[in-house]
Amino acid sequence: MTTEAIHNTPVTIDSQLQFNQRVTAHDFLVISFSAKWCEPCQPFAAVFAEVAAQHPQVLFATVDIDVAKDLATNFRVTQVPALMVVRDRVVIDMVSGAMHAHELTHHVQMWQAFDMTAFSAHFDQKSAT
């Protein structure tokens, strides 16, 4: 997995397979679930892209729930916009609703600071048994 600079603009994930590939290749992802018909999603997409440009070490991705229905179903996305955060292949947070740039930046900083030690120890212990 990589912690190098990744992208300055969000990438699109259209399937479970693409999701799996991204999660395997990157240790920190922020994924925005949205839909073309969702009014709050349109302005939030610009905010999401703005914050993505400020955090090149994080992979920001977008999922259209009408295209990647399998992902929306698997992660029980019932409201858009919604954010899902994945660190070290573990979903650490789900947040519904649009945010302003300063709010999203604050969340990204919180997610970055999140101590994954307990999660890693738990999964290491599970794989050892």
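The largest pocket is lined by 15 residues, and Ser34, Cys41, Gln42, Ala45 and Thr62 lie nearest its centre. A pocket here is an open set of points on a 1 Å grid over the protein atoms alone, where a 1.4 Å probe fits, with protein on both sides within 12 Å along at least five of seven lines; lining residues have an atom within 4 Å of a point. This is a predicted model: local features need pLDDT of at least 70, side-chain atom pairs count only at pLDDT 80 or more, and totals for chains, interfaces and linings use all residues. Residues are numbered from 1 along each chain as its sequence is written, and side-chain values use heavy atoms, without hydrogens and water.

- β2 (28–34), α2 (41–54) and β3 (59–64) each give two or more residues to the lining of the largest pocket.
- α2 supplies the largest share, 6 residues.
- Helices (H or I, at least four residues) and strands (E, at least two) are DSSP runs, numbered from the N terminus.

**Sheet**
- An open sheet holds 5 strands in the order β1-β3-β2-β4-β5, with mixed pairing; two strands pair if DSSP finds at least two bridges between them.
- β1 (11–12) and β5 (90–96) are at the edges with a single partner strand each, so one side of each has no neighbour in the sheet.
- β1 and β3 run parallel, joined by 2 bridges.
- Threonine 12 is opposite threonine 62 in β3.

**Helix on the sheet**
- Helix α4 (residues 101–113) packs on the sheet and touches β2, β3, β4 (82–87) and β5; contact means heavy atoms within 4.5 Å.

Methods. Axes are lines fitted to C-alpha atoms, for helices over the stretch in contact, and angles run from 0 to 180 degrees between N-to-C directions.
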